[in-house]
Every structure is written in structure tokens, then in C-alpha cells.
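Please consult the sequence and structure shown here.

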2 protein chains.
Amino acid sequence: MQIVVLRIGHRPERDKRITTHVGLVARAFGAKEMLLTGRDPSIEESIGDVAERWGGGFKLRSDVAWRDEARRWKDLGGKLVHLTMYGSNLPSVIDEIRGCDKIMIAVGAEKVPAEMYDLADWNVAVGNQPHSEVAALALFMDRLLEGKELEIDFGEGLKIIPTPRGKTVIDRPARGEQSSEPCSEEKGKET
Amino acid sequence: MQIVVLRIGHRPERDKRITTHVGLVARAFGAKEMLLTGRDPSIEESIGDVAERWGGGFKLRSDVAWRDEARRWKDLGGKLVHLTMYGSNLPSVIDEIRGCDKIMIAVGAEKVPAEMYDLADWNVAVGNQPHSEVAALALFMDRLLEGKELEIDFGEGLKIIPTPRGKTVIDRPARGEQSSEPCSEEKGKET
């Protein structure tokens with residue numbers, strides 16, 4: 001399944017960290033790309049840094065025209081899911097959505113244009129209380145991928161060995177590079 | 001099950017929106033309280049505003065001493081779960097955690113003190129890639145509550161009627177107030 005995330009309405013002065021978290025969830029859970037309306041160098045840097053150190057081929061594409069991207073996606077046979085607390089409840093539509101090959105997930109920051117509600121194949125509510133587009137994206141992708149997103153291994157870059165106490169991290173070479181020391185301890189928190 | 005969220009390491013200049021989203025997820029998914037190290041009037045205002053309009057008894061308690069709160073919680077028979085990408089994988093421990101009556105969920109912003117890893121009954125990883133404490137909290141609570149958190153109705157305040165297109169919101173009176181008009185349309189996006 002091919003998944004891309006479309007982040008619309010990003011306001012650099014206000015949404016920097018939230019949009020970064022949207023992008024990091026998208027990458028960590030297996031989306032191939034985040035499309036962003038507007039451009040924010042700090043987000044490009046944060047996400048680029050994580051992608052470089054932790055592996056995978058995740059891309060951030062800035063300054064997109066969201067209507068054009070959404071329409072092109074649909075013209076090419078993809079489906080568009082818009083996450084909004086006003087939409088159909090997640091459990092009632094997820095089985096149907098899971099049957100699709102190509103899914104664009106739209107998550108809004110500020111007020112989302114009415115046109116998005118019409119353009120979307122599904123408007124999906126992750127609960128009916130206000131909370132967070134980061135949480136909504138994570139839960140939607142979790143239900144979509146049935147928990148498999150928590151087992152993703154990009155096959156390169158830093159790798160955590162789960163442990164009940166402390167931190168164990170293996171530093172693997174990027175694809176095509178020579179192997180470095182197999183084990184190291186990483187002290188900092190990564191996000 | 002009684003759930004509280006402990007947010008540590010909040011930096012007002014950097015974490016304002018992320019900590020707000022942590023609090024909104026905590027409330028929306030049924031935690032009774034968020035404890036915050038430090039104080040941030042903008043977070044108090046954002047979360048207070050949502051709680052007032054959307055109902056429920058969620059509280060934000062600021063300026064807590066996290067070690068004291070965590071120890072007191074454990075002394076009173078509660079369990080402490082620390083969400084960290086370095087911990088035990090969520091699926092391998094969630095059944096055991098689900099057996100507890102009282103759970104404090106700790107989510108860090110900046111680097112978390114080593115003491116937290118030792119004090120926690122479980123250090124739990126929601127995937128082993130860097131992403132977001134908002135996403136980690138949402139997914140942890142979802143697995144803990146087995147999806148029931150998406151059905152929460154606080155019995156007062158604004159209520160969304162899920163709909164495939166557009167927005168339908170009912171405005172209900174707070175408990176103890178006279179009923180107002182049963183139906184209205186809310187245009188703005190709420191988070």
C-alpha cells in the first residue's frame with residue numbers, strides 16, 4: 001500500500017512543531033512522502049535530519065498546491081482520506097479504506113476549506129472530541145496498517161533494541177556504506 | 001480504570017502546542033487529569049477552553065514536582081508507565097498493563113532524566129523510530145482502552161454527529177443548566 005500525507009494550512013509561526021510531528025509520524029509509520037502547503041526550513045531540517053540518521057526513503061515536498069495534488073492523485077487512481085473530527089467514525093469505514101492501494105491522507109492545521117470535505121473520498125473522524133491531528137494521523141495509520149507500522153525496520157541507520165530499562169541503539173551504515181561499529185549507546189532523546 | 005498523564009520537561013518557548021495536544025489527547029481519550037512540570041498560561045487557557053465547551057471533568061495541574069507525584073502515585077497502589085522509544089514494545093506488555101486499576105502515563109518533552117526509566121513500572125515503546133509523544137500517547141491509550149476511547153461521550157457540552165460530508169454539531173447544556181437549542185452548526189475547526 002502506498003501512503004502519502006498531505007499537510008494543509010501550515011502556519012510557520014504557530015505550527016512548526018506540530019507539522020514536524022505530523023511528518024515524523026508519517027515517516028515512522030511507513031508513508032513515503034509528506035506534501036506541505038507552504039515551506040518551512042526548520043521542518044525541512046528536522047525531518048531531513050531524522051530521515052538521514054534513522055534511514056528510509058521518506059521525502060518532504062514543500063510549496064505544493066493542495067487541490068492540484070489531490071486531484072492528480074485521484075486522477076491516477078488514488079483515494080483521498082481527510083481526517084476531521086466531523087467525519088464518519090473510523091471503525092465504520094476503515095475496512096473499506098484498507099482495500100485501497102494508494103491512499104493520500106489529508107490533515108489540516110487551521111480551518112480546512114469546505115472543498116476538501118467534498119473532494120475527499122472519505123472524511124474520517126478519529127473520535128468526536130477535539131484533540132490533535134498528530135494523534136488522529138497515528139491512530140488512523142495504526143488501524144489502516146493493523147499494527148504492522150510498529151514493526152517497520154528501514155534496514156539502515158540507527159536501530160533501537162527494545163529494552164525494559166535504559167537505551168540500546170545499534171548504529172548501522174546507510175545502504176551502500178561500509179559497516180561501522182555494530183553497537184553504541186545513544187543518550188539523547190530523539191524527537 | 002483511572003488514568004492520569006504526567007507531562008515532564010515542558011519548555012514554554014518550544015513545547016506550547018505539543019503539550020497542548022498531549023493534554024487534549026489525554027482529555028479526549030478519558031484521562032482525568034494532566035500533571036505538568038512548570039506552568040504555561042497559554043496551555044491552561046487552551047485546555048480549559050476545550051474542557052468548558054466540550055464537557056467532561058478534565059483537570060490540568062501545573063507546577064508539579066514529578067518525582068514526588070510519581071512516588072506518591074506508586075505508594076497509593078498506582079502503576080507508572082513511561083512512554084519512550086527505547087522501552088519494551090507496546091504489544092509485548094500491553095496485556096499486562098491493562099490489568100491495572102490506576103495508571104500514570106509519563107510523556108517527556110526534552111531529554112528525560114534516567115531516574116524516570118528506573119521509577120517506571122514499564123518503559124514502553126510505541127514503535128522504535130522517533131516520532132511524537134502525542135502519537136505515542138494516543139496509540140498507547142488506544143491499545144490500553146481497546147478502542148473504547150473513541151466512543152467517549154461526556155454527556156454535556158458540544159457533541160458531534162458523525163457525517164460523511166460537512167459538520168453537524170449539537171450544543172448541549174452543561175450539567176445542571178437549562179437546555180438550549182438542540183441543534184446548531186459549528187463552522188470553525190476546533191483544535
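## Contact between the chains

In this predicted model, 50 residues of chain A are in contact with 50 residues of chain B (contact: C-beta atoms, placed from the backbone, within 7 Å). On the side of chain A that touches chain B, α1(A) provides the largest share, six residues. That side comprises 24 nonpolar, 16 polar and ten charged residues (nonpolar: Ala, Val, Leu, Ile, Met, Phe, Trp, Tyr, Cys and Pro; charged: Asp, Glu, Lys and Arg; polar: the others, Gly among them).

Residues are numbered from 1 along each chain as its sequence is written, and chains are lettered from A in the order in which they are written. Local features need pLDDT of at least 70 and side-chain atom pairs count only at pLDDT 80 or more, whereas totals for chains, interfaces and linings use all residues.

Strand β1 of chain A (residues 2-8) is largely enclosed by the rest of the structure, because six of its seven residues are buried (20 or more other C-beta atoms within 10 Å of the residue's own, C-beta atoms being placed from the backbone). Strands are DSSP runs of E of at least two residues, and helices runs of H or I of at least four, numbered from the N terminus.

β1(A) runs parallel to β5(A) (residues 102-108), joined by seven bridges; there, Q2(A) has K102(A) as its bridge partner. Four bridges pair β1(A) with β2(A) (residues 33-36), also in the parallel sense, and V4(A) stands opposite E33(A). Pairing requires at least two DSSP bridges.

How values were computed. Buried ≥ 20, exposed ≤ 12 C-beta atoms within 10 Å, placed from the backbone. Contact = placed C-beta atoms within 7 Å.
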